[in-house]
Amino acid sequence: MEYYENENMPQLGDCRQGREQRKYIRKDFSRIGWGLLAMLLGSQTLGAVLVAVPAYFWPAFGQSHWFTWCMLLVPLYVVGLPLFLLVTRKLPAQPAQQQYRISPKTWLMLLVVCFGAMYFFNYISVMCNAFFSFLKGSSVENPLDSMSNLPVFWTIVFVGIVGPIMEELVFRGLVIAKLRHYGEGACVFTSALTFALFHGNLSQMLYAFALGAIFAFITVKTGRLRYSMALHISVNVMGMVVVPNLVEFSDITAMAIILLIFAAIGFGFFWLMDRRREIRFAPGQVPMLPGPVELILGNPGMICYTLFCAILVLAIILV
């Protein structure tokens, strides 16, 4: 296989035993895990330093919300992305063989589905946080609450545009491209799960998995990143800017927003049920062996990435 042309290892098709095939598949997914872990550790370390130093020497400047978010997101581009590319360099990115367009009407329907999925799983996350709050005797912090005081302009820039672009480039662009030869199902599951874990908190993790699966499915089916990127930006802006401001505007708008949210949840459910027969995952050039979830997750890189993200989640719940 061309995917291993730079390595001194046998081709998958030439392996005499399934055990050898499984070893090579695990190795590829392990590289993805190590790459994501390096990206997360590198960007968070640099971000923490860049925030802490100005906050100590120039408190007024270093504690400003826009500066904090800038120093948390910029390291993803400067350090995180290069580290991911460095660790996964032996996994060449395979471009989509075909590209398809979706109509504006279909895109709008998908936006409603994403909006409904986000709030449905957000409600489940709220209940989970309430349960853990009851057990520990104090509230579980939602990291998104720290964004409430951020001016609208900076919320749109950092949370609505800069963040989604980076996340789509990595989780729907690079991860899928580097695993495309294993088929659409493996790409969608890996992209959605790693994307959910990357958030590092229970408040976002559940709906991040649901949205990540939708974004990944659209990407593998269309071969285009722009659709998922536009959906991601729209969902973030609506969820972090439009809805909160409309809810606080008046009781009437708050009630209307609540009704629209439940309508979106209902529409998304029935739309997906109606289209469920169309949800099919094409196999890749390299077939996944039995036990695909174990192959994807049962390797050192993915295990360490998952454990580190789980530690972040527990830290927020327990602190």
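This note goes through the predicted model point by point, from the whole chain down to single residues.

1. On how to read the values: residues are numbered from 1 along each chain as its sequence is written, and side-chain values use heavy atoms, with hydrogens and water left out. Because the model is predicted, local features need pLDDT of at least 70 and side-chain atom pairs count only at pLDDT 80 or more, whereas totals for chains, interfaces and linings use all residues.

2. The secondary structure of the protein chain comes to 11 helices and zero strands, where helices (H or I, at least four residues) and strands (E, at least two) are DSSP runs, numbered from the N terminus. Read from the N terminus on, the elements run α-α-α-α-α-α-α-α-α-α-α.

3. Of the 319 residues in the protein chain, 45% count as buried; buried means under 20% relative accessible area, exposed over 50%, and partly exposed in between, with a 1.4 Å probe and protein chains only. The chain exposes about 16,500 Å², and carbon and sulfur atoms supply 70% of that area, which comes from the Shrake-Rupley method with a 1.4 Å probe, and for residues only the protein chains shown count as cover.

4. Contacts (heavy atoms within 4.5 Å) can also be sorted by distance along the sequence. Among the contacts in the protein chain with a separation of 6 or more, residues 24 or more positions apart account for 81%.

5. Helix 4 (residues 104-136) has 33 residues and reaches 47 Å from its first C-alpha to its last, close to the 48 Å expected at 1.5 Å a residue; the expected span is 1.5 Å times one less than the number of residues. Glycine 137, whose phi is positive, near 85°, follows helix 4. Within the helix lies asparagine 129, which counts as buried because its relative accessibility is 10%. Leaving aside neighbours within four places in sequence, asparagine 129 is in contact with Val140, Leu202 and Ser203.

6. How do helix 5 and helix 6 cross? The axes of helix 5 (residues 152-179) and helix 6 (residues 184-198) come within 9 Å and cross at roughly 145°, the axes being lines fitted to C-alpha atoms, for helices over the stretch in contact, with angles that run from 0 to 180 degrees between N-to-C directions. The crossing of helix 5 and helix 6 is right-handed; a crossing is left-handed if the near helix is turned anticlockwise from the far one by less than a right angle, and right-handed if clockwise. Glu167, Phe171, Arg172, Val175, Ile176 and Leu179 in helix 5 meet Cys187, Thr190, Ser191, Thr194, Phe195 and Phe198 in helix 6. By class, this contact of helix 5 with helix 6 has seven nonpolar, three polar and two charged residues, where Ala, Val, Leu, Ile, Met, Phe, Trp, Tyr, Cys and Pro count as nonpolar, Asp, Glu, Lys and Arg as charged, and the others, Gly among them, as polar.

7. Helix 6 also meets helix 11 (residues 300-318), and their axes come within 9 Å and cross at roughly 35°, in a left-handed crossing. The contact is made by Thr194, Leu197 and Phe198 of helix 6 together with Met302, Tyr305, Thr306 and Cys309 of helix 11; by class, it has five nonpolar, two polar and no charged residues.

8. Is phenylalanine 195 buried or exposed? Phenylalanine 195, in helix 6, counts as buried because its relative accessibility is 3%. Apart from neighbours within four places in sequence, phenylalanine 195 is in contact with Glu167, Phe171, Arg172, Ala208, Gly212 and His232.

9. Glycine 212 is found in helix 7 (residues 202-222) and counts as buried because its relative accessibility is 0%. Phenylalanine 195 and glycine 212 are 17 residues apart in sequence and 6.4 Å apart in space, C-alpha to C-alpha, while glycine 212 and glutamate 167 are 45 residues apart in sequence and 9.9 Å apart in space, again C-alpha to C-alpha. Not counting residues up to four places away in sequence, glycine 212 touches Arg172, Ser191, Ala192 and Phe195.

10. Leucine 73 lies in helix 3 (residues 65-87) and counts as buried because its relative accessibility is 11%. Beyond residues up to four places away in sequence, leucine 73 touches Phe158, Val162 and Gly163.
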